[in-house]
Amino acid sequence: MKPAAFTFQRPAELSEALAAYAANPGAKILAGGQSLIPLMSMRLTTVSELIDINGIGELSFIDVSEAGVRFGALARHAELHAHEEARRVQPMLHAALSHVAHATIRNRGTTVGSIVHADASGEMPVVLTLLGGTLTVASTEGRREIAADDLFIGPLETALESGEIAVEAFVPALPARHGIAFDEIARRHGDYALCGLGVVLGLAEDGGIESVRAGYLSVTETPIVVDLTDCFADGIDASSLVAAGEKALEQLEPEGDIHASAEYRAQLARTLTARVITAAHADAKARLD
Ligand code: FAD
C-alpha cells in the first residue's frame, strides 16, 4: 500500500527542524521510519508533512560516563546494542535491545524513536521507566527534561507537546551490588513480545535481597514497573518466586488478541517473573566477584 500524499523536508540543523515543526503542528518527525512509514503506508495514520531529522548530525551520538548513558535521537538500536562501554555501565540496554525487532530494523530504527512511539509492547519505553531514565525534548521555546514516569500517558501517547522534538535520552548507570536480566516470549525471535520483562535486583551488604523491580511489556497499555521487593524479605526460593508472579499479576492487565489469550499471557507473566528474577539474582552475585 502507499501513503497519502505528504510534503517532505530534511533540515540539516536542529533549529531549522524546530522552526518547521512549530510552523506546522500537523507535521510528523521522521527518525528511523520503522514504525511511522508502515503506519502511513497502511493508512493507519496520515501526515501532511514529514520533517526528516536524519540530516541533523548533532543528534547522532552515544555518550557514556560513570553516571550513565546519554544517547541522541539518531542513535540507532544497533549502535547502542553494540556499544561496549554503554553495556558495561548499564547492561540492561544491551539485554533489552537484543529483543528489539530484527537486525535490519535495528540498523535503521532509533532507540529514542522507539521511546517516543510509546508502544507498551516495545522494549525501550519500559526499560526507560524501569531504569528511571529521562527524555530531553526541544522546541522553539527551549528545552525540557521529562522523567520516564511522567512520559507515557496512554497507548502510543506521550507527554510531548506540539512542536517538541525529542533530542536525547538518558539512563543512569547500574548501581553497585545490582544485577539485571531481561527476557520475553515472542512467536518468533524479533517479533513483538506476547509478554516480557526486565528486572533490576539489588543485594544488601549481608547478601540478602534489598530491592527487586520488574518492568513488564505487552501486558498493560502503558509501560509498568512493579516493586516486588516485599516478596523476598526471607530470601529467594521457589515459593517467593511464585508469590512475586502473583503480586505482579495484581497490577498487570493481560488481554487476549489474535496472538494469545489473556490466560496464556498471564501464565507467561508468572513464568517469566520467576525466570527473570532468578537470572537477575545470579547476575547481581556474579558482579560481586
Ligand atoms: P519512526 O518510525 O521514525 O517514528 C516513530 C514515531 O515516533 C513517529 O510518530 C515519529 O513522528 C515519532 N518520533 C520519532 N523520533 C522522534 C523524535 N526524535 N522526536 C519526536 N518524535 C519522534 N520495536 C520494538 O520495540 N520491539 C520489537 O520487537 C519491534 N519489532 C518490529 C518489527 C517490525 C517488522 C518493524 C517494522 C518494527 C518493529 N519495531 C519493534 C519498531 C522499531 O523498533 C522502530 O524502530 C521504533 O519503534 C521506532 O523508531 P524509529 O526511529 O523507526 O521511529
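1. UniProt positions follow the numbering used here, feature names are shortened, and annotations may be inferred rather than shown by experiment. The unreviewed UniProt entry places the feature "domain: FAD-binding PCMH-type" at residues 1–176. The span is 34% helix and 25% strand, and its end C-alpha atoms lie 50 Å apart. Helices (H or I, at least four residues) and strands (E, at least two) are DSSP runs, numbered from the N terminus.

2. Residues are numbered from 1 along each chain as its sequence is written. The model is predicted: local features need pLDDT of at least 70, side-chain atom pairs count only at pLDDT 80 or more, and totals for chains, interfaces and linings use all residues.

3. The domain assignment, automatic or from a database, gives domain 1 (7–52), domain 2 (57–172) and domain 3 (178–288). The centres of domain 2 and domain 3, taken over C-alpha atoms, are 22 Å apart.

4. In domain 2, 19 residues are in contact with 20 residues of domain 3 (C-beta atoms, placed from the backbone, within 7 Å). On the domain 2 side, α5 (91–97), α8 (123–130) and β8 (152–154) each supply at least two residues; α8 gives the largest share, six residues.

5. Strand β11 (residues 178–185) is largely enclosed by the rest of the structure, because six of its eight residues are buried (20 or more other C-beta atoms within 10 Å of the residue's own, with C-beta atoms placed from the backbone). β11 pairs with β12 (residues 195–203) in the antiparallel sense over eight bridges, where pairing requires at least two DSSP bridges. Ile180 stands opposite Val200 in β12.

Notes
Buried ≥ 20, exposed ≤ 12 C-beta atoms within 10 Å, placed from the backbone. Contact = placed C-beta atoms within 7 Å.
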